[in-house]
Amino acid sequence: MSENPAGASAGAACRPGDPGFAARYRAIDARDTRFDGQFYTAVSSTGIYCRPSCPARTPAERHVTFYGSAAAAQIAGFRACKRCVPEAVPGTPEWNLRGDLAGRAMRLIADGVVDREGVDGLAATLGFTSRHVARILTEQLGAGPLALARARRAQTARALLVGTDLDIAQVAFASGFGSIRQFNTTILEVFAQTPGALRGRARPVHPERAAGEAVRISLELPTRAPYDAPGVFAFLAARAIAGVEAVDLADSESLRYARTLRLPGGPAAVEVHADSGMRGWRLRAELELSDLADLATALSRLRRLLDLDADPEAVDAALSRDQHLAPLVAAVPGARVPGTADAHETVIRALVGQQISVAAARTHLGRIVAALGQGYTSRFAGLSALFPTMRTLAAGIPAPEPGVAPDPERILRLPGRQVQTVRATAAALAEGDLVVHVGAEGKALRKALTDRPGIGPWTAGYIAMRVLGDPDAWLDRDVALLAGARALGLGDPAQSAAAAHRDLAETARAWAPWRSYAVMHLWRVAAR
């Protein structure tokens with residue numbers, strides 16, 4: 001298929017004759033699972049909307065309208081298909097690829113900002129008026145922030161109704177609804193069923209909860225195939241901080257990753273199991289939550305950490321055009337760029353690891369957690385602490401004293417200038433003088449970081465790649481990237497390092513807009 005059916009704008013509606021309609025129609029006629037979650041098919045003759053791979057008979061073109069979001073289809077009066085369940089799909093990869101206002105807003109809505117702070121809170125975080133944000137989202141996505149947040153709540157509610165036996169009231173509030181009545185109305189409008197009827201079609205998995213303990217819920221994580229689970233879990237394992245994270249890679253067919261989280265409603269933990277099967281990797285998450293209302297936020301952050309909403313077909317097809325990268329893509333299809341579950345934590349990780357090895361950074365970070373982390377009791381093996389808050393870090397790491405030999409038993413055993421950078425950055429994050437979150441604008445974030453003493457372009461690019469999910473970050477002057485490139489035969493081995501880095505950066509321009517994924521492939525080669 002020469003055209004990418006998901007490549008058209010995710011705007012309000014795409015009808016016969018509009019750009020991109022023909023390619024999308026061919027995708028639904030082929031029942032192509034690659035595009036599930038990237039657009040939705042609304043059928044006027046039935047009044048339902050479906051995922052592209054719906055097994056039902058392909059509707060006539062004249063009855064079809066494509067929408068870029070489930071919310072837009074719902075506003076237009078369509079209800080979700082009971083057969084293909086369009087809510088049970090991976091998210092839209094476009095929100096990471098796009099760094100504009102709409103893309104930034106969608107990342108924040110997925111993180112639950114509208115549920116917690118309302119539309120005014122979303123607009124303030126983005127730095128615009130609520131009216132402007134609503135106008136842009138409606139123009140580009142066919143739905144305003146409230147409708148988009150409502151669709152997100154409906155998706156979470158469906159997962160809870162069919163995947164757990166939480167009572168209806170618990171499901172309503174865990175999904176982010178403000179009242180039982182609002183919950184019932186939304187479920188009926190979106191799914192054409194009452195919550196009880198929707199649950200009746202499924203076999204619930206019982207959440208476990210003892211008196212005084214966090215609720216424990218187990219849910220599937222929809223994943224767009226192919227997915228390189230071994231690569232993602234190995235990346236996380238190499239950087240896992242003792243007590244905060246635990247990884248088990250002993251069984252190559254069944255992988256485990258667990259970590260603690262700080263969520264708006266309190267401390268939490270999650271454990272992910274990835275199991276290999278005939279149809280690729282199947283992922284399932286078990287969560288411990290202090291507050292059920294944090295469920296959707298926890299799942300959103302977990303999806304970003306594991307890069308579950310990427311478009312592997314588009315990434316692999318683009319990188320395979322390069323003769324040096326093609327064998328890497330063929331060997332490891334579906335490579336991902338691990339994101340973050342905590343933006344501030346990732347900033348500190350990047351600062352500590354700026355000029356040392358991954359293993360050394362892990363040792364330093366483990367020492368910080370042991371000294372300043374908050375204790376956490378979990379039923380997931382290997383978890384015992386929460387990463388320190390930024391305020392705790394700023395106050396707890398002693399400032400280096402000029403002319404005084406550093407204490408060999410100090411918490412952070414790095415050069416004084418680097419210690420000061422960590423302390424000052426943690427204080428700036430705590431006070432709000434430095435703002436780092438998933439809705440930040442890429443160029444502004446990089447500038448805010450590099451304007452600070454001790455933070456260079458590499459660190460700023462790495463933070464953008466992990467926190468924003470930037471698919472096109474290039475880490476200039478990265479030693480491992482150059483080593484990986486030279487191992488592939490890229491460049492002249494006789495060149496100086498500076499010249500080789502310049503040439504590699506120039507070569508990498510052809511890999512846009514997927515340079516972050518090329519980084520992962522080159523790092524893998526260098527690690528060999």
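This is a predicted model: local features need pLDDT of at least 70, side-chain atom pairs count only at pLDDT 80 or more; totals for chains, interfaces and linings use all residues.
Residues are numbered from 1 along each chain as its sequence is written, and side-chain values use heavy atoms, with hydrogens and water left out.

Reader: Which residues of helix α21 are buried?
Author: Helices (H or I, at least four residues) and strands (E, at least two) are DSSP runs, numbered from the N terminus. Buried means under 20% relative accessible area, exposed over 50%, and partly exposed in between, with a 1.4 Å probe and protein chains only. In α21, which spans residues 479–487, the buried residues are L481, L482, G484 and A485.

Reader: Why do these residues lie on the same side of α21?
Author: An α-helix has 3.6 residues a turn, so residues three or four places apart point the same way. The arc is that of the directions from the helix axis to the C-beta atoms. The buried residues L481, L482, G484 and A485 are on the same side of α21 because they cover an arc of only 165° around the axis.

Reader: What do the buried residues of α21 pack against?
Author: The face turned away from the buried side carries the exposed residues V479 and A487. Contact means heavy atoms within 4.5 Å. The buried residues pack against α22 (497–508) and α23 (515–527).

Reader: Which residue caps the N-terminal end of α21?
Author: A polar contact is a pair of N or O atoms within 3.5 Å; within protein, one must be able to donate a hydrogen and the other to accept it, and residues adjacent in sequence count only if both atoms are side-chain atoms. A side-chain oxygen of the cap lies 2.9 Å from the backbone nitrogen of A480. The capping residue is D478.

Reader: How many salt bridges does a search of the whole structure find?
Author: Side chains of opposite charge can pair when their charged atoms come close. A salt bridge is a side-chain nitrogen of Lys or Arg within 4 Å of a carboxyl oxygen of Asp or Glu. The search finds 22.

Reader: How many residues apart in sequence are the parts that R349 and E245 tie together?
Author: The side chains of R349 and E245 meet in a salt bridge, 2.6 Å from N to O. R349 lies in helix α15 (residues 343–352) and E245 in strand β6 (residues 245–251), so the parts they tie together are 104 residues apart in sequence.

Reader: Which residues are linked with R349 in a network of salt bridges?
Author: Both R349 and E245 are buried. The network links R349 with E245, R259 and E345.

Reader: How far from R104 is the nearest side chain of opposite charge?
Author: R104 lies in helix α4 (residues 101–110). Its side chain reaches the backbone oxygen of L126 at 3.4 Å. Lys and Arg count as positive and Asp and Glu as negative; His and the chain ends are not counted. R104 is buried yet has no salt bridge, and the nearest side chain of opposite charge, E441, is away by 6.3 Å.

Reader: Which strands stand at the edges of the four-stranded open sheet?
Author: Two strands pair if DSSP finds at least two bridges between them. The order is β3-β1-β2-β4, with mixed pairing. One side of each edge strand is left without a neighbour in the sheet, because each has a single partner strand; these are β3 and β4 (79–80).

Reader: How many bridges join β8 to β9?
Author: Strand β7 (residues 254–263) runs antiparallel to strand β8 (residues 266–277), and β7 and β8 form a hairpin with two residues between them. Another hairpin joins β8 to β9 through two residues. β8 and strand β9 (residues 280–289) pair in the antiparallel sense, and the number of bridges is 10.
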